[in-house]
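Then turn to the aromatic rings.

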Amino acid sequence: MWWTTGSNSGSARPSISSTRPPETFGVALGYPNFILATHDAGATWDMLNSPVSGDDASLNAASFIDENIGFLATGYEPTDKSAPATPEEIRHRTLMRISPLYRFVHDGGMKSAKAVRKEGIYKTTDGGQTWVELVADMVWLPYRLSMANEQYGAVLTNEASGHSNYGIRYTDDGGATWNAGTVPDSVPWVPAANYNLGDIWMVDADLGYASAFYGIGGLPMGGAFLVTTDGGNTWDWDASGSTGSGYMGLDGEKKAHGAAGGVGLSNATWQGGANSGPTADAGEDGTGVVGEPFVLDGTGSADPEGDTLMHKWTLLSGPDLELVTPFGETLDVVPQTAGTYEFELLVSDSEFTDTDTVTFTIDDEPVTDDDDDDAADDDDDDGDDDGGDDDSDDDEASGGCGC
């Protein structure tokens, strides 16, 4: 079966492609606080330092950008927060961490508020020797983590809403803050079913997928995928619709190919095929007035395969100007100084990039027209122009130049 990409609508994210560690590098997590890394494709494994310790520790997911930079999600939901870490409790915590199906059957999708402990997201820049805590005391619990690059990523959380047993949060500031994304309230073709999200894969800063399976009464019925085209802010069902019997694992390589597997030997693959570069279009040159917004418009940019494009705007020359964000298909810009501004638009399909420029000339105040021709800048600002000549300043009162 084929798993197809979703809509290309929505605001675009920055043109920073995702990266992956070498094929010889990998990380394994174990209970309660073990992190192992291999640099030789699994022939040998080295113990890394854990940011949390003790029987209360639970390492849920890791996402490494390369061999040095990585992110780690921790935390657990105890059956009894005052109970010691008995073998049964350890088994429960482990299965809650690694098995979406166990979570689905165990408590109907965590519809009620749960106590969470030792939750946190950490970052390393030295291959796991030391970790910096990015956020803690989150109340929500991160189960799966996927970073497209050092700045952008998303996590699956235990936040239920509607018929979804999970929530999704995303970051655009390197993990310092995690904003709640919007997931569908229900499965359109089985409205009464609850659905779980098994795994998440951010292809790049803009495009991402989440594997899903749905069912009623703890019995999985089918599977599908959610897709985001705005970095995790909004999610919708992928165009492939209902397939298989539930997907719990998900991974891939940029836009070239992806794979998912799950319940009942269900599996899906996505083959991106040949890829050609996009064409950037920064729009037409324009004019404006200090204090009044103008629009940088990159909607004319296109990709031969219809891939989702990431857009980044850069001020090449002109007076100092602060962009609230440089990322987006269109941007509203409010100039505070008169002058000529030249902007560059860079677009990327995660593999290829292209650029285009646009220029805006900004005046201190609007230019008025007081003659009979159609030009707005060939006369003075007085209302006593002779109204007929096409010179730059023909003023009856002064008998010549009115400047």
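In this predicted model, a polar atom of the T124 side chain lies 2.9 Å from the backbone nitrogen of G128. The T124 side chain also reaches the backbone oxygen of T130, at 2.8 Å. Both are contacts from a side chain to the backbone. T124 itself sits in strand β6, residues 117–124. Its relative accessible area is 0%, so T124 is buried. What does T124 touch, leaving aside its neighbours within four places in sequence? The list holds F64, N68, I69, G70, Q129, T130 and W131.

S63 belongs to strand β4, which covers residues 59–64. Is S63 buried or exposed? Its relative accessibility is 10%, and the limit for buried is under 20%, so S63 counts as buried. The S63 side chain reaches the backbone nitrogen of M147 at 3.0 Å.

M147 falls in strand β8, residues 142–147.

The structure holds twelve aromatic pairs. One of them joins Y143 and Y166. The ring centres are 5.9 Å apart and the planes stand at 75°, an edge-to-face pair. Y143 has a relative accessible area of 2% and is buried. Y166, at 0%, counts as buried too.

A second pair has another geometry. The centres of the F225 and Y247 rings are 4.8 Å apart, with the planes at 10°. Why is this pair stacked? Planes under 30 degrees apart count as stacked, so the 10° angle places F225 and Y247 there. F225 lies in strand β14 (residues 219–228) and Y247 in strand β16 (residues 247–253), so the pair ties together parts 22 residues apart in sequence. F225 is buried, with a relative accessible area of 0%. Y247 is buried as well, at 0% relative accessibility.

W189, Y195, Y214 and W237 form it.

Technical notes. Residues are numbered from 1 along each chain as its sequence is written. This is a predicted model: local features need pLDDT of at least 70, side-chain atom pairs count only at pLDDT 80 or more; totals for chains, interfaces and linings use all residues. Side-chain values use heavy atoms; hydrogens and water are left out. Rings of Phe, Tyr and Trp (its six-membered ring) pair if their centres lie within 6.5 Å; planes under 30 degrees apart count as stacked, over 60 as edge-to-face and the rest as tilted. Helices (H or I, at least four residues) and strands (E, at least two) are DSSP runs, numbered from the N terminus. Buried means under 20% relative accessible area, exposed over 50%, partly exposed in between (1.4 Å probe, protein chains only). A polar contact is a pair of N or O atoms within 3.5 Å; within protein, one must be able to donate a hydrogen and the other to accept it, and residues adjacent in sequence count only if both atoms are side-chain atoms. Contact means heavy atoms within 4.5 Å.
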